Amino acid sequence: MKAVHLSTLCLMHINPNQPVILLTSSRSNGNTFDLSRIVLPEDRAPLIDFSIHNIGCFSYSYANAGDDFLPLVEQLMPSPVWVIATPLHWYTMSAQAKTFFDRLSDLLSFRQSLGHQLRGKALAVISTGTTPSLPSAFNQPFELSCEYLGMNFLGSYYAQSGSRYFCRKIFSSVPAGKNRQKSRDRLCLRRPDSSASPRSDPTRGRNMGSRMT
Ligand SMILES: Cc1cc2nc3c(=O)[nH]c(=O)nc-3n(C[C@H](O)[C@H](O)[C@H](O)COP(=O)(O)O)c2cc1C
């Protein structure tokens with residue numbers, strides 16, 4: 001897909017009381033998108049697709065400083081809760097999610113005023129993969145990065161793609177000791193038993209298996 005420069009796109013309005021989802025999948029309408037919309041429906045959180053942005057790798061010489069990264073961060077900034085939606089790629093986050101974190105380093109150097117605004121924000125992760133659960137070390141880079149950046153890590157919400165429990169396995173990785181209800185409240189989530197029962201499971205009957213990689 002041809003990269004579209006952010007300045008040519010209509011900027012989405014981010015409500016300062018809502019979480020915002022950053023989809024960092026190689027498929028704009030894949031499993032990770034589906035799970036994101038199950039966990040946080042459209043009316044609860046706007047979704048920004050990383051793949052339509054032109055964002056380069058971190059560069060010590062700030063060679064990519066003029067790309068879409070800084071406008072993207074400025075767009076995310078009003079939201080108090082950033083939700084990174086990532087497929088499992090080789091037991092960890094996608095390359096797109098990793099690039100996003102690498103580029104946050106720009107905010108610690110030449111855009112410190114933006115970097116300071118990260119303090120106190122919350123970060124959550126929504127992830128899909130083919131394995132029944134997340135690798136044990138999956139959360140660590142997010143936890144440590146949040147600690148470094150002064151952000152609060154709310155946890156990871158994982159579901160195995162193709163599973164009929166796709167929508168019921170959320171909250172499986174909220175870190176021990178954290179209050180799950182608090183995390184849910186912060187994410188403006190519905191209670192899992194209100195609409196996520198097997199009968200109303202929106203993934204039921206859909207051929208998720210054929211979309212698995
Ligand atoms: C490059 C690549 C690496 C993957 N590595 C893993 C993995 O380590 N563990 C896993 O459970 N699934 C792995 N998968 C499967 C995807 O995580 C899974 O199909 C996911 O639901 C795809 O989400 P998407 O539709 O948003 O791309 C991998 C897929 C790809 C393409």
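Student: In this predicted model, which residue of β3 does Leu22 stand opposite?

Tutor: In general, strands of a sheet pair through backbone hydrogen bonds, and the pairing is either parallel or antiparallel. In this predicted model, Leu22 stands opposite Ile84 in β3, and the two strands concerned, β1 and β3, run parallel and are joined by five bridges.

Student: What is the order of the strands in the sheet, and how do they pair?

Tutor: The sheet is open and built from five strands, which follow one another in the order β2-β1-β3-β4-β5 with parallel pairing. Its edges are formed by β2, residues 47-49, and by β5, each of which pairs on one side only. If direction is ignored, neighbouring strands are turned by 20° against each other on average.

Student: How do the elements run from the N terminus on?

Tutor: The protein chain comes to seven helices and five strands, and from the N terminus on these run β-α-β-α-β-α-α-β-α-β-α-α. As one case of a helix placed against the sheet, α5, which spans residues 140-149, lies across β4 and β5 and runs at about 160° to β5.

Student: Which residues have the most contacts inside the largest nonpolar core?

Tutor: The general idea is that in soluble globular proteins nonpolar side chains tend to be buried together. Here the largest nonpolar core has 33 residues, and those with the most contacts inside it are Ile21, Leu22, Val83 and Ile84. The elements that give two or more residues to this core are the helices α1 (31-39) and α3 (95-103) together with the strands β1 (19-23), β3 (81-87), β4 (122-129) and β5 (152-160).

Student: With which residues is Ile84 in contact, leaving aside its neighbours within four places in sequence?

Tutor: Ile84 is in contact with Leu22, Thr24, Ala97, Leu123 and Val125. For the protein chain as a whole, 75% of the contacts between residues at least 6 apart in sequence join residues at least 24 apart, while buried residues make up 35% of its 213 residues.

Student: How many residues surround the ligand, and which are the closest?

Tutor: The ligand is surrounded by 18 residues, of which Gly30, Asn31, Thr32, Pro87 and Gly129 are the closest. Two or more residues of this shell come from each of α1 and β4, and by class the shell has twelve polar, five nonpolar and one charged residues.

Conventions: Residues numbered from 1 in each chain as written. Predicted model: local features only at pLDDT ≥ 70, side-chain atom pairs only at ≥ 80, totals over all residues. Core = buried A, V, L, I, M, F, W, Y, C linked by C-beta atoms within 7 Å. Buried ≥ 20, exposed ≤ 12 C-beta atoms within 10 Å, placed from the backbone. Helix = DSSP H or I, 4+ residues; strand = E, 2+ residues; numbered from the N terminus. Contact = placed C-beta atoms within 7 Å. Pairing = 2+ DSSP bridges. Axes fitted to C-alpha atoms, helices over the stretch in contact; angles between N-to-C directions. Near = placed C-beta within 6 Å. Nonpolar A, V, L, I, M, F, W, Y, C, P; charged D, E, K, R; others polar.
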